[in-house]
Amino acid sequence: MTSTLTRRLGLLLGGGIALGLNATAGAEELRIGYVAPTTGIFAQVGKDMVDGFQMYLDEVKNDFGGAQVKFIVEDEQAKPDTAVTKAKKLILQDKVHMLVGGLLASSGYALAPVSTAEKVLYVVPVSAADDLTQRDLAKYPYLIRTGWSSSQPSHPFGQWACEQGYKKIAAIGADYAFGYEVVGGFQRAFEACGGQIVQKIWPPLGTKDFGPYIPTIRADADAIFSLMVGPMSLQFPKQLAASGNKKPVIGGGTSYDEFVLPSMGDEVIGHVSTLQYSAALQNPKNEAFVKAYRAKYGKVPSYYSETNYTSAQMIHQVMKQNNGKFPGAEAFIKQLAAAKYDTLRGPVTIDEMRNPVQNIYIKKVEKKKMFGYDKDELWNTVIKTYPNVNQFGQFKKEEFLATPVYNRDYPPCKFCN
Amino acid sequence: MITSMSSHPFKILLVVVALAAIAVITPGTNSFVILLVTRALAFSILVMSVDILLGYTGLASLGQAAYLAVGAYATAILATRYHIGLGWDFWLVLLFGAALGAALAAIFGFLAIRATGVYFLMITLALGQCVWGLAYRWNSLTGGDNGINLRDRPKFGIDLANEVTFFYVVFGVFVVSLLAMYTLVRSPFGRSLAGIRERELRMKILGYNTWLHKYIAFIIAGAFGGLSGVLWAHTAGIVSPVNVELPTSVDALLMVVLGGSGTLVGGVIGSFIVFGLREYLSTLVPWWQYVLGVVYVATILYLPTGLMGIPERLRQWRARTGNRGEARKLASATP
């Protein structure tokens, strides 16, 4: 009884599959699994990430060179083990062709081994942990980064700081890996051209009251370098200004990027930061992007949205090369790494360690009208561009990799009295 | 009381049938469901240990995730730095994790067991946060907020990288833990714990060293927490300070309350429900958090004894309506 039953079921199933295959012979489906925090304290960032990617999909009507894109978003809640669970669900249950996303460094480090174990392509648009494409690269053959590495913008920025004539700088950064890497990159570059980092202060991630830290900033420093994220970015400049600070303030990209800039006040005018994107970039692609994004989502796009938009564009370009057929993870990585991209943030290529090589912009906060908007608003005006910056900057790759990854004690603070 | 005693073999049969069902049905489902069930089982060991403290000893602890963390971090550090625990020595690491959890509980217990009620809650919370702080800041050992990645699962004749094989191993350890804890609560020691939960002063008068009883219960809970941590490290493949943050301890406590404290399996049911809602429902609908919230609130309001208390409440409700029916009949009978 059971054998005839199973045989009949098998025939039905086989027939069904055959019919199904015939029906979909026209359009291939490209399943993209996206992992971002859509709930929890990073929910707004996660939304920006998804919105950026979705906006590109809407512009091309989900058509990547002939393949229909199925975009599946899963919530990682900014917790590494949830990210792993959701990634496995996307790979095992939804059978996605590639994983994209991950916000925090810890999520990036959690998803990378999953991509290796399951042999699934993992595209990293946001997670900036240096070692993912440096010292740990060999462990993750299916990983490719389309965003940035934390210290990448800091290297040219250190040089810029020397050119401004700063000799001593006090650094204050959020006390976690991302903070160490941004500040560390700046310190290496600044001290290489003759500057001195005279102080390193590390308020814990999420600090809202900088009262214990601001008074300790050394009086003999020429400038202050800050690396703030999220609510810290809003509070620190306000409290610094309220304390009567007269020193110039410079900082990492997340201290002033468009995620927090609209909520800031005039206290940040004149502050300088660095990143591979600014919403104030004066090129036609970016102008169109900012206008469309603002019309659709009601806010100026931050780099979280831009990097996902650009990653979608890069994936599209590779799919076009393959006429809409997914060539398998290894071939896709090779093609993604070999191509040249003309993106919102400028020209982008990928280095041999699968990290982007791109323009790094030094930007200053100014209050003005841009892109035809009729109100004076805060914008990160680009004052200098360093082209073709890779993750090692002005340093040689071998020497760079021989030193440890930037952490709280590296580079050591030689000039901290 | 008498009714529950006589239905005891029935309850045991139910549990055995449920466990058998899990063991048989799960491998047939898709890999994602297997992964979820494995995670729920690994975490359930910690939840049951919380139940021993809450349901059987009357101590509500908000810091049990600390023991999961030491077990998990020990596994991760041994595996990545010293390459220990990836072969037959996996079983040694399992025991080592439990021993580490017990050792930490022994140290913390000195500080915590002197307190009761709200103060115990606060001290265990503070101690749990100490461990979180260490996990977060001791970068050289724990990798800080990046966490530690376990790249491979152990291989000893069988390859635990296979989800089904790993499920069976976790299931086996879970069943052994359940049996061990069941034996503990049914033993004279377990009975004394129940006595301490009910009336500690009376137990003291009877001559029991209640401090020692509570201390030992705390250490045992810590040991199972550490055991759970070893398995947890391998299910997720990453250990980070998130594993030891306050919400994780609160989760364990809530799962016990949801399922019913003082029942051991109640916590397991609670664990499956929460994991099912949080990690499975969340892939289907975006409003899963409302469902979870409603479940928690409804349980606290209407089922303070948890889901496992439903049969008892049904019985009481039926008995009450039965009595009312009797009373009405009598009232209508008399003129």
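Chain A is divided into two domains, and both are built from separated stretches of sequence: domain 1 takes 26-149 and 285-350, while domain 2 takes 154-275 and 359-402. The C-alpha centres of these two domains of chain A lie 27 Å apart, and where they meet, 21 residues of domain 1 are in contact with 13 residues of domain 2. On the domain 1 side, helix 2 (43-59), helix 9 (284-297) and helix 10 (303-321) of chain A each supply at least two residues, with the largest share, 3 residues, coming from helix 9. By class, that side of domain 1 has 9 nonpolar, 5 polar and 7 charged residues.

Now to the sheet in chain A, in which 6 strands form an open arrangement in the order 2-3-1-4-5-6, with mixed pairing. Which strands stand at the edges? They are strand 2 (63-64) and strand 6 (143-145) of chain A, and each has a single partner strand, so one side of each is left without a neighbour in the sheet. Further in, strand 1 (residues 28-36) and strand 3 (residues 67-75) of chain A run parallel and are joined by 9 bridges; one residue pair to look for there is A:A36 with its bridge partner A:D75 in strand 3.

The next element I would like to show is helix 5 of chain A, residues 154-163, where 7 of the 10 residues are buried, so the helix is largely enclosed by the rest of the structure. The buried residues are A:S154, A:H155, A:P156, A:F157, A:G158, A:W160 and A:A161. What covers these residues of helix 5? The cover includes helix 6 (177-192) along with several strands of chain A, among them strand 7 (168-173), strand 10 (249-252) and strand 11 (272-275), as well as strand 14 (356-368) and strand 15 (377-389). Following helix 5 of chain A comes A:G165, whose phi is positive, near 95°.

A few backbone details in chain A deserve a careful look. A:R354, in the loop between strand 13 (346-350) and strand 14 of chain A, has a positive phi of about 65° although it is not a glycine. Is A:R354 buried or exposed? With 21 other C-beta atoms within 10 Å, A:R354 is buried. A:F371 also has a positive phi, near 55°, in a residue other than glycine, and this residue is found in the loop between strand 14 and strand 15 of chain A; with 15 C-beta neighbours inside 10 Å, A:F371 counts as partly exposed. Finally, the peptide bond from A:Y410 to A:P411 is cis, with omega near 0°, and A:P411 sits in the segment after helix 12 (397-402) of chain A.

Turning to chain B, there are 15 helices and 4 strands. A compact globule of 335 residues would have a radius of gyration near 20 Å, and chain B, at 21 Å, agrees with that. Buried residues make up 45% of chain B, and residues 24 or more positions apart account for 76% of its contacts with a separation of 6 or more.

On confidence, chain B averages a pLDDT of 87, with 97% of the residues scoring at least 70. The exception I would flag is residues 1-6 of chain B, where pLDDT stays under 50 and the model has 0 contacts beyond four places in sequence. Where pLDDT is low, the predicted coordinates should not be read in detail.

Last, the contact between the chains, which takes 21 residues from chain B and 23 residues from chain A. On the chain B side, the elements that give two or more residues are helix 3 (31-56) and helix 13 (265-284), and helix 3 of chain B gives the most, with 4 residues. That side of chain B divides into 5 nonpolar, 12 polar and 4 charged residues.

Methods
Residues are numbered from 1 along each chain as its sequence is written. Chains are lettered from A and ligands numbered from 1 in the order in which they are written. This is a predicted model: local features need pLDDT of at least 70, side-chain atom pairs count only at pLDDT 80 or more; totals for chains, interfaces and linings use all residues. Two residues are in contact if their C-beta atoms, placed from the backbone, lie within 7 Å. Ala, Val, Leu, Ile, Met, Phe, Trp, Tyr, Cys and Pro count as nonpolar, Asp, Glu, Lys and Arg as charged, and the others, Gly among them, as polar. pLDDT is the predictor's confidence in each residue, from 0 to 100. Domain bounds come from an automatic or database domain assignment. The radius of gyration is taken over C-alpha atoms; the globule rule is 2.2 Å times the number of residues to the power 0.38. A residue is buried if 20 or more other C-beta atoms lie within 10 Å of its own, exposed if 12 or fewer, and partly exposed in between; C-beta atoms are placed from the backbone. Two strands pair if DSSP finds at least two bridges between them.
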